[in-house]
Amino acid sequence: MLGSVEKNKLCLRQGAKVGDIIMVTGDFGGSIKGKHLKFTPRLKESRFLADNFKINAMIDVSDGLAADLWQLSRASGVRLRVEALRIPLAPAAGSVNSALMDGEDFELLFAVSRRDAARMPRRVGSCPVTRIGQVVGRGQGVELIDRRGRITVLRHTGFTHFDE
């Protein structure tokens, strides 16, 4: 599939800044139970976001939330901190681990300034928009805050198209 976008609406995975808020559309996990066969591409949602907010970085989540958090981190040269309890779980997801690792969610992961995050709607049409974390520093890496408040480094895992 091919597509095109106006240059002034282009959102790349690079560009996240320290202090940005990390947000997602939709919910995650459970693709093994057929979710990946019944998805709606987030074209309207991405257009709404690009038209109404300064999106510093964006990526579609197809290889797993953990893998695509790492992609955004690496491309932007920033460290991310994500709160496990904020990750929206699909009904078919068995756990946060499923939400992080399953893949084929076809949702959007994006970074916006605190100001834009404060005015972000909770829904775009029928699609939920959720704050899951923030950009905490320069460098690379993804930290996960678990339900007990412990911070661990999230492994760079998920589907890999090519050996890196």
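View 1. The model is predicted: local features need pLDDT of at least 70 and side-chain atom pairs pLDDT 80 or more, whereas totals for chains, interfaces and linings use all residues. Residues are numbered from 1 along each chain as its sequence is written, and side-chain values use heavy atoms, with hydrogens and water left out.

**View 2. Elements and residue classes of the pocket lining.** Helix H1 (43-52), strand E2 (55-61) and strand E4 (107-112) each contribute at least two lining residues. H1 gives the most, with four residues. Helices (H or I, at least four residues) and strands (E, at least two) are DSSP runs, numbered from the N terminus. The lining has 14 nonpolar, three polar and six charged residues. Ala, Val, Leu, Ile, Met, Phe, Trp, Tyr, Cys and Pro count as nonpolar, Asp, Glu, Lys and Arg as charged, and the others, Gly among them, as polar.

**View 3. The salt bridge between Glu107 and Arg42.** In this pair, the closest N and O atoms are 2.8 Å apart. Glu107 belongs to strand E4 and Arg42 to the loop between strand E1 (21-25) and H1, 65 residues apart. Both residues are buried (under 20% relative accessible area, with exposed over 50% and partly exposed in between; 1.4 Å probe, protein chains only). The structure holds seven salt bridges, each defined as a side-chain nitrogen of Lys or Arg within 4 Å of a carboxyl oxygen of Asp or Glu.

**View 4. The salt bridge between Glu143 and Arg79.** The closest N and O atoms of this pair are 3.5 Å apart. Because Glu143 lies in strand E7 (residues 141-145) and Arg79 in strand E3 (residues 78-83), the pair ties together parts 64 residues apart in sequence. Glu143 is buried at 16% relative accessibility, while Arg79 is partly exposed at 28%.

**View 5. The salt bridge between Arg86 and Glu83.** Here the closest N and O atoms are 3.3 Å apart. Arg86 is partly exposed at 36% relative accessibility, as is Glu83 at 30%.
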